[in-house]
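Here is a short briefing on one protein model. It covers the fold, an annotated site, charged pairs and backbone angles.

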Amino acid sequence: MIRVLLADDETMIRAGVRAILTTDPGIEVVAEAGDGHEAVEMARVHRPDVVLLDIRMPRLDGLGAAEELRRAVPDAAVVMLTTFSEDAYIARALGSGVSGFLLKSGDPRELIAGVRAVAEGAAFLSPAVARRVLDALGGERFSRAAEARARLEPLTGREREVVALVGAGLSNQEIAERLYVVEGTVKAHVSAVLGRIGLRNRVQLAILAYEAGLVPDA
């Protein structure tokens, strides 16, 4: 059972997200919060596997809450719930160690898939969010694409395969099954790649995969 804490200052949004998640018998919403401070306190008490955070909330926003959650409950995966109007917040959140980004207006199946993916240790980036991040780069997009490809150049062919699959939102176990290797081998590849190219987490690696063109636009 995947234990989820849901934080959003809009009651109707929380109710809708909870209704979607509870259609999956393997997911349980263990607590809800109306702001970032409350989310951190409830996470300390309930120890969820996944925390869904609205980016913009009163008292403490999702970005601040994500930083505190990383210290308070480091084993919990944090996923940001966002809208199309929050590109600047998304860009800032990329460095905060979150495990994924989901659109509030996205497909309900994507919400469930995202929660399951991050609970299994994967990064999950809604394809629509990925496009927004890249589009927000504006005129820098082509230079960043070239830079991303250059950063990936030293990797082996197998490591590049792993990066592409991380970008596609697959967990270590799913990547292992796809490549016919053991999960420990995938973990070793991911750790080696992160260290070699100087990234902090799988979400940053997923963005790099998009920038380099390893993940097709959806």
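**Positive phi and the overall picture**

Arg-59 sits in the loop between S3 and H3. Helices (H or I, at least four residues) and strands (E, at least two) are DSSP runs, numbered from the N terminus. The model is predicted: local features need pLDDT of at least 70, side-chain atom pairs count only at pLDDT 80 or more, and totals for chains, interfaces and linings use all residues. Residues are numbered from 1 along each chain as its sequence is written, and side-chain values use heavy atoms, with hydrogens and water left out.

**Backbone angles**

- Most residues other than glycine have a negative phi.
- Arg-59 has a positive phi, near 65 degrees, and is not a glycine.
- Arg-59 is exposed, at 64% relative accessible area. Buried means under 20% relative accessible area, exposed over 50%, and partly exposed in between (1.4 Å probe, protein chains only).
- Tyr-180 also has a positive phi, near 60 degrees.
- Tyr-180 is in the loop between helix H9 (172-179) and H10. Its relative accessibility is 75%, so Tyr-180 counts as exposed.

**Whole chain**

- The protein chain has 11 helices and six strands.
- It holds 218 residues, and 50% of them count as buried.
- Of the contacts (heavy atoms within 4.5 Å) with a separation of 6 or more, 66% join residues 24 or more positions apart.
- The accessible surface is about 10000 Å², with 52% belonging to carbon and sulfur atoms. Areas come from the Shrake-Rupley method with a 1.4 Å probe; for residues, only the protein chains shown count as cover.

**The annotated aspartate**

- UniProt, in an unreviewed entry, places "modified residue: 4-aspartylphosphate" at Asp-54. UniProt positions are given in the numbering used here, feature names are shortened, and annotations may be inferred rather than shown by experiment.
- Asp-54 lies in strand S3 (residues 50-54).
- Asp-54 counts as buried because its relative accessibility is 2%.
- Beyond its neighbours within four places in sequence, Asp-54 contacts Ala-7, Asp-8, Asp-9, Gly-62, Leu-81 and Lys-104.
- Salt bridges link Asp-8, Asp-54 and Lys-104 in a network. A salt bridge is a side-chain nitrogen of Lys or Arg within 4 Å of a carboxyl oxygen of Asp or Glu.

**Salt bridges**

- The whole structure contains 11 salt bridges.
- Side chains of opposite charge can pair when their charged atoms come close.
- Lys-104 pairs with Asp-8, with the closest N and O atoms 3.1 Å apart. This pair links distant parts of the chain, 96 residues apart: Lys-104 is in the loop between strand S5 (100-103) and helix H5 (108-119), and Asp-8 is in the loop between strand S1 (2-7) and helix H1 (11-21).
- Lys-104 is partly exposed at 29% relative accessibility, whereas Asp-8 is buried at 0%.
- Arg-70 pairs with Glu-67, with the closest N and O atoms 2.7 Å apart. They are three residues apart in helix H3 (residues 62-72), so about one helical turn separates them.
- Arg-70 is partly exposed at 36% relative accessible area. Glu-67 is partly exposed at 26%.
- Glu-159 and Arg-196 meet through their side chains at 2.9 Å, N to O. Glu-159 is in helix H8 (residues 157-167) and Arg-196 in helix H10 (residues 183-197), 37 residues apart, so the pair links distant parts of the chain.
- Glu-159 is buried at 5% relative accessible area, whereas Arg-196 is partly exposed at 44%.
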